[in-house]
Amino acid sequence: MLITGIRSKPVYAPLQPDLLGRYHVMVGHGVGATPLSRLLSDMRQAEPKALACTRVWYVAAAAANGATNAFRAAGIAELRTFGEVDALLADLTAAMRAALMGTRLYVAGPESFMGLVMRIAHDFNLNRDEVRAEECGTLARRVHCIHCHSTIENVRTNIVECGCKRWLVVRDHYSRRLAAYMGVMVDAEAPGERPQIKEVFL
Amino acid sequence: MSHSHADTIPVRVVAVEQVTPQIKHFIFAPTGGGELPAFSGGSHIIVVMRGAQRVFRNPYSLMSSPNELDTYQISVLRVDPSRGGSAFMHEQVRVGSELEIAHPVNLFALAKLARKHLLLAGGIGITPFMAQLHDLRLTDVPYEIHYATRSPEHGAYCELIAQAEPQRARLYHDSAAKFIDIEGLLSHQPLGTHVYVCGPAGMITRVLETARALGWPDSHVHYEKFSAPPTGEAFDAYLDKSGIALHVLPDQSLLEAIEAAGVDAPYLCRGGVCGFCRTDVVAVDGELIHNDHYLSDEEKASGKAIMPCVSRARCSKLVLSL
Amino acid sequence: MNVALKQQQVYRGAFTFRNSPQAIRRFPLPFPEDRYMYSVNIEPHVAGPAGSVIEFPIDCDEHYVEECRERAVVLAEDPLRYQALPHMLSAQWDTLELGMHSLAQSYPQHFSLSRQGRSWHWINRPLGLDQHFSFGDPATLPQPPLEYITRQLQGDWVIMDQRDNDLWAEGGMVTGPADWSMDFDIGMSFKEWHGPVPLGHEMGVFDRALKFLLNLRLNEPVRRLNWTMTVHPRLDTSPHNYPEWGPERATVTAQNVADVLHLRTELQGLWRLPRSNGIVFMVRTYMLSLRDVASIPKWARRVHRVLRDLHPALVDYKGLTRHRPTAVAYLAQFDDGAPTTPGTAPE
């Protein structure tokens, strides 16, 4: 019933600099700072001049976060930090409007955050060969209730109760457009017969 | 599953015009009346020419409006020295001639999610863009066309383009030392732009190399290359599955020789780009001459596959899995 | 919603759907052999025998009017079953042309299309429609072109854009799916869209199918068959209304299995679209109760053997886990072990 192994789940890989690109936009959230710092240091090794064409957008998850100092020390062209995801997304959208062909986008953070950044990338017609993503941090999922069309944020459990009062099982089927996994009623065939709640997306 | 091309459309030539010293413009109407199949800008057709000794099948871009289907229009550059196809069109085809064409195929389609289209045409390479401009005028997406020719005299459709696109077209003539500033153009395009190039091989190579150097990803760079299959030495081939032996003439492509032997081999572009005619090589007692843009370097080196539409062999016998 | 729609009970409620003897014999059995596994079973969509479901490019059968009514009911409840992204407009018109042209050519007694340049006149007699419109101008139709034409076609329809060496499902009318959702899947690449299908990816089926479809040519449509099973003749088994039909899976018994459990064949057709260079994907569903399956001895034997030996991953994916044993037990009484003749035609 809990259907896994579905191929629509995005595939992530450790970030590597794409030196074919001319401009580099890096976007991170919380612990996404770690892969971004590693990416910057790889870039310094491979092509230091690329750092002058690199800009970082970052949402710090915790107030005392040393990541921003590390970014500044890397000698990048610009660092933009935000307290909220929505503010970052709005600012990134504005920057994309002025961006030029030759730009590469790198995203690091929890999947639920990356999904929102990917939607912006899609709006600007960035294709698979222009975007790289590395998942880190919480595996909590955004879940789209297929019955009432609402979205549940930060789902950590195998089943979850939706606002429509149905218990949903989270399928591995992922929609980039909705930036969410599909949630389907778990006990439709046998009302009340639900698996035990387990924390699975940590 | 076979992809036979028995299903061609008979057409009659209703107009022929010499538009430049080397280019003729042809208008085809369906022999049986009615409309020709709808198509999208960037499509080409294969024109089947039945010469006295040989059958030629050449691809030509449709340049007429996709919204007007009473006729199709193509332009044919006389290639010198011609292998036969373009000479046939120039010398033998006149008003009233009957030809066969295959259904349109689009291997040079506009990207529908592009935020801007940048069209770069050189010489006869203007033709697919002429059809695409009709499609682009119906959208809200910005576009520009840059059209380079040797001289105004050789620019078949300069006036037409300038009139149709006064704001969006720029014309360049080698004779006036005006050249497309490829690097300048590709340096300053907004995110989500797609570039399309059709023209002489040198121009296509320059655009592809410049785009790559400026960080353009392959998915935003589109090109259409129609080149006659390179000539070479004659050789013998054997079709393993059909049990047919054949001889490939110096100015004949392997695909043409296979077709002349009565074997219905698959193809789409006839230009070594699409990969559709890829054929397994069973054995060769010499060297394969790969002229395609489809097989990877490793595949070419392995000698296990060939694109018979443009590639050939320097050998006495090539055995194919056909 | 008008009264006729409210009373629609064919594919829901009282489930009055029945197949005539002719409809039973023309049912497209999806099993050419006594065993089943995925394959790239694609073949040219050329005309089949007179009276068969492939006699014409788009089959219009005895259920036409009731199936169009069912679609209207589903849309009234959930308008998101029809969707199309903005760049798919030319593919919408392509699909409208395919539908109208095909129906008018195949069934001139029911449909007619006359064209004077861009001025088109469409008559659909079974549904009582008479529409003048200007081809290419959406303002001259009561609905977007894809919605307009697919409200008058049986089966689900998906339009795909071709770009970046992939096919993207970016519009469709899906009111009778076998447990998938256009609203959720819109915008997906070919392999994302087929993500939930087990085994196929490992077998390379989707790689090969995609490669084949990217080169699909105008005027050379292709088809394949797929299948599942549904409790009751319920066309709309989407994930959206799973709370309604899910419980029915637990109601199959040895006493009712012959009448409630239906073999469900999808005749899938794919056409290259001319103006958009996209592809349209038709999923036409035919349903047959096990009692009707058993009325043809060859089919009873074959379906029994297929269900009995089905790969466990497919049993689960097709939602057969709860009632397969009951179905196999029912069909076993008709299987004397005799060999079946090749092909799917009833003997």
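# A guided look at a predicted three-chain model

In chain C, helix H13 (residues 297-308) packs against helix H15 (residues 324-332) at an angle of about 145 degrees, and their axes are 9 Å apart. The crossing of H13(C) and H15(C) is left-handed. From H13(C), the contact is made by Ala300(C), Val303(C), His304(C), Leu307(C) and Arg308(C), while H15(C) brings Arg324(C), Ala327(C), Val328(C), Leu331(C) and Ala332(C). Sorted by class, this contact of H13(C) with H15(C) has seven nonpolar, one polar and two charged residues.

Strand S4 (residues 119-124) of chain C is joined to S5(C) by six bridges, and the two run antiparallel. Here Ser119(C) stands opposite Ser134(C) in S5(C).

Moving to chain B, we find an open sheet of five strands in the order S10-S9-S8-S11-S12, with parallel pairing. Its edge strands are S10 (169-173) and S12 (221-224) of chain B, each pairing on one side only. Strand S9 (residues 143-149) of chain B pairs with S10(B) in the parallel sense over five bridges, and Tyr147(B) has Leu171(B) in S10(B) as its bridge partner. Helix H5 (residues 201-213) of chain B lies across strand S8 (116-122), strand S11 (193-198) and S12 of chain B. H5(B) runs at about 155 degrees to S11(B).

Which residues touch the most other members of the largest nonpolar core? They are Ile101(B), Leu120(B), Ile145(B), Val195(B) and Val197(B), in a core of 59 residues. Leaving aside residues up to four places away in sequence, Val195(B) touches Leu118(B), Leu120(B), Leu186(B), Val207(B), Ala211(B), Trp216(B), His220(B) and Val221(B). Apart from this core lies another, of 52 residues, which includes Ala33(A), Ala67(A), Tyr106(A) and Tyr174(A). As a general background, nonpolar side chains tend to be buried together in soluble globular proteins.

## Chain A and its strand S6

Chain A has four helices and ten strands. Starting at the N terminus, its elements run β-α-β-α-β-α-β-α-β-β-β-β-β-β. Its C-alpha atoms fill a box of roughly 60 × 35 × 30 Å along the principal axes. Of the 202 residues in chain A, 43% are buried. Among contacts in chain A with a separation of 6 or more, 64% link residues 24 or more positions apart.

Is strand S6 (residues 141-145) of chain A mostly covered or mostly uncovered? It is mostly covered, with five of its five residues buried. Arg141(A), Val143(A) and Cys145(A) point one way from S6(A), whereas Arg142(A) and His144(A) point the other way. S6(A) and strand S7 (residues 151-155) of chain A form a hairpin with five residues between them, and His149(A) in the turn has a positive phi of about 65 degrees. The table shows how S6(A) pairs with two strands.

| Partner of S6(A) | Sense | Bridges | Paired residues |
|---|---|---|---|
| S10(A), residues 180-185 | parallel | three bridges | Cys145(A) with Gly183(A) |

## Where the chains meet

How many residues of chain B are in contact with chain C? There are 18, and they meet 15 residues of chain C. That side of chain B divides into twelve nonpolar, four polar and two charged residues.

The contact between chain C and chain A takes 21 residues from chain C and 20 residues from chain A. Helix H6 (182-185), helix H7 (190-193) and helix H10 (242-245) of chain C each supply at least two residues of the side that touches chain A. By class, this side of chain C has nine nonpolar, six polar and six charged residues.

Note on methods
Residues are numbered from 1 along each chain as its sequence is written. Chains are lettered from A and ligands numbered from 1 in the order in which they are written. This is a predicted model: local features need pLDDT of at least 70, side-chain atom pairs count only at pLDDT 80 or more; totals for chains, interfaces and linings use all residues. A nonpolar core is a set of buried Ala, Val, Leu, Ile, Met, Phe, Trp, Tyr and Cys residues joined through C-beta atoms within 7 Å. A residue is buried if 20 or more other C-beta atoms lie within 10 Å of its own, exposed if 12 or fewer, and partly exposed in between; C-beta atoms are placed from the backbone. Two residues are in contact if their C-beta atoms, placed from the backbone, lie within 7 Å. Two strands pair if DSSP finds at least two bridges between them. Axes are lines fitted to C-alpha atoms, for helices over the stretch in contact, and angles run from 0 to 180 degrees between N-to-C directions. A crossing is left-handed if the near helix is turned anticlockwise from the far one by less than a right angle, and right-handed if clockwise. Ala, Val, Leu, Ile, Met, Phe, Trp, Tyr, Cys and Pro count as nonpolar, Asp, Glu, Lys and Arg as charged, and the others, Gly among them, as polar.
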